[in-house]
Amino acid sequence: MSKVAIIGGGIIGVATAYELAKLGEEVILFEKNYFGSGSTFRCATGIRAQFTDEANIRLMKYAVERWEKLEEELGFDINFRQTGYLFLATSEEEVEAFKNNIRLQNKFGVPTRLIDMDEAKEIVPILNTEPFLAGAWNPKDGKANPFKTLFAYLFRAKELGVDAREHTEVVGFEREGDVITAVKFRSNGKVESVKVDAVLNAANAWAPLINEMAGLKRDLVPITAYKHQLVKTEPLERGQAEPLVCPPSWNDAYIIQDGEDGGIICGVGIEHRAKSLDDYEPTYDFLRGVLRYATMIAPPLRYAHIVRQWAGFYAKTPDKNPAIGKLLDNFYIAAGFSGHGFMMAPAVAQAMAELIAKGRSKVPLDWDWYDPYRFERGELRSSAFQIG
Ligand code: FAD
C-alpha cells in the first residue's frame, strides 16, 4: 500500500480519493477551502457524450455508463437523470455539421440522432421552434446534483479510510530528483509536512501554482481561469425544459431545468478572464446577454423571476482539453477541465486512480490526447466542444 496525497477537494480530487481507497491505497486529501468550493458547486449540472472528437466522445460514453450505476454504487441519491441534451441548428451548414458529429458519435455507440422541430417541441414544451431547422438529440445525456454527488463520493471515501482535510492548504513539497517525497500543508496557521509516495494535482484553476511548488514551470501546463456565470429562475412546473437545450451559434447559450427544484439554469458564452483566483463577482453584461438568449430560446421565461446569479471558473488549457497524466516520477495531474470536469469525473477519477495504483487503466481514456506535456511540445489537440 502506498500513500497518495491529493491536492484539491473538487469533484475530481474527491472522486479520485474514493477510487484510490477502493483499490486499497492510503489517501490524504487536501482542500484549502471547503469541499466543492472551487468550480464544482458552481456548475450547471450537465452531463453529455455529444462531443466532436473521438477522445472526448469515448471518454464520455464510458463516463455516462459509470454515472448510470453511480447511485447504486455510492448508495446515495445524487439525482442523476438521463433527460438528454438537445443542440439546435440555425443554418443548413450547421445541420450538415450536426450530421457529421452524429455519425462520429454513433460510430462509438452514442445514440444521438437528428430530430425535427415537432419532436423537439414535444421534448421541450416551452421551446420557440421558429428560428431552428433541426436538433441533435441524445436522450442518454443528462444531469446530476453536484452537491449530492460530491458528498456521496466524500462519504464513501472517508468510510474507506481517506484522511480528508478541509481548510488545509498545500504550501510546498520536498523533492528529491524527480520524486516528490513530502507535502507541506498549512492548517490553523501551522505548517506541517507528511511523507508521501505519490501526489495528484487536482487543483484545476490553481493547478499551475501547485506545479510551480513542485519545481516545474508555472506555464508548463498553461491553465487560465475564465469567469463563467449562470442565472437561475424561480421553480417552474417540471417537464418544461428538462434536457439541456443549446443553439451553439447563439453564443453557446443554453437552458436546463434544475433536476432538484425545477428552476431554469441559463448560461451563455460571455466570459471574462478572471482578475484573480477569487474573482467571483457576477457581472451585469452577463445578466443582460444571457436573458436575451434564454428568452429567445424559450419565450415564457420572460415572465419568470430570476432568483440567483453566480460565477465560477472554467479552468482552460489552450485547446480546452484537460491535462491528465504524469508530470514527474510520482507527481500526476488531472486539471484544466474547462466546462466538462463534473461530467468527466467518474471516468477520469477511475482512470487516474488505476494509473497511480497499477500503472495502467482499463478506462478508455486516450492518455496521449490529454498528455500534460503536449503544450510544451506545441502539440495542441482540436478544441474540445465547450458550451456556455
Ligand atoms: P474544482 O472544483 O475547482 O476544485 C479544485 C479545488 O482545489 C478547489 O476547491 C480549490 O480550493 C482547491 N485548491 C486549490 N489550491 C489548493 C491548495 N494549495 N491546497 C489545497 N486545495 C487547493 N462541468 C460539467 O461537467 N458540466 C456542466 O454543466 C458544467 N457547467 C459549468 C458551469 C459554470 C458556470 C462553471 C463555472 C463550470 C461548469 N462546469 C461544468 C465545469 C466544472 O464545474 C469543472 O470542470 C469541475 O467542477 C472541475 O472540478 P475539479 O475538481 O477539477 O476542480
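1. The model is predicted. Between domain 1 and domain 2 about 3,300 Å² of area is buried, and carbon and sulfur atoms account for 60% of it. On the domain 1 side, the residues that lose the most area to domain 2 are Arg 42, Gln 50 and Gly 388, which together make up 20% of what that side buries.

2. Domain 1 is given as 1–84 + 140–222 + 320–388, and domain 2 as 85–136 + 224–316. Taken over C-alpha atoms, the centres of domain 1 and domain 2 are 26 Å apart. Domain 1 brings 44 residues to the contact and domain 2 brings 41 residues.

3. Polar pairing across the interface can be listed by type. There are 20 residue pairs in polar contact between domain 1 and domain 2, counting pairs with both residues at pLDDT 80 or more. In terms of elements, β3 (46–47), α2 (54–74) and β7 (142–143) each give two or more residues to the side of domain 1 that touches domain 2. Of these, α2 gives the most, with four residues. By residue class, that side of domain 1 has 14 nonpolar, 18 polar and twelve charged residues.

4. Salt bridges between domain 1 and domain 2 number three. Side chains of opposite charge can pair when their charged atoms come close. A salt bridge in the model joins the side chains of Glu 242 and Arg 81, with an N to O distance of 3.6 Å.

5. The salt-bridge count by this rule comes to 31. Which residue does Lys 148 meet in a salt bridge? The partner is Glu 260, and the N to O distance is 3.2 Å. This pair links distant parts of the chain, 112 residues apart: Lys 148 belongs to helix α5 (residues 146–159), while Glu 260 is in the loop between β15 (254–257) and β16 (263–267).

6. On annotation, UniProt lists residues 3–355 under "domain: FAD dependent oxidoreductase", in an unreviewed entry. In the model, the span of residues 3–355 is 30% helix and 30% strand, and its end C-alpha atoms lie 14 Å apart.

Conventions. Residues are numbered from 1 along each chain as its sequence is written. This is a predicted model: local features need pLDDT of at least 70, side-chain atom pairs count only at pLDDT 80 or more; totals for chains, interfaces and linings use all residues. Side-chain values use heavy atoms; hydrogens and water are left out. Domain bounds come from an automatic or database domain assignment. Contact means heavy atoms within 4.5 Å. Buried area is the accessible area (1.4 Å probe) that two parts lose on being put together, summed over both. A salt bridge is a side-chain nitrogen of Lys or Arg within 4 Å of a carboxyl oxygen of Asp or Glu. A polar contact is a pair of N or O atoms within 3.5 Å; within protein, one must be able to donate a hydrogen and the other to accept it, and residues adjacent in sequence count only if both atoms are side-chain atoms. Ala, Val, Leu, Ile, Met, Phe, Trp, Tyr, Cys and Pro count as nonpolar, Asp, Glu, Lys and Arg as charged, and the others, Gly among them, as polar. UniProt positions are given in the numbering used here, feature names are shortened, and annotations may be inferred rather than shown by experiment.
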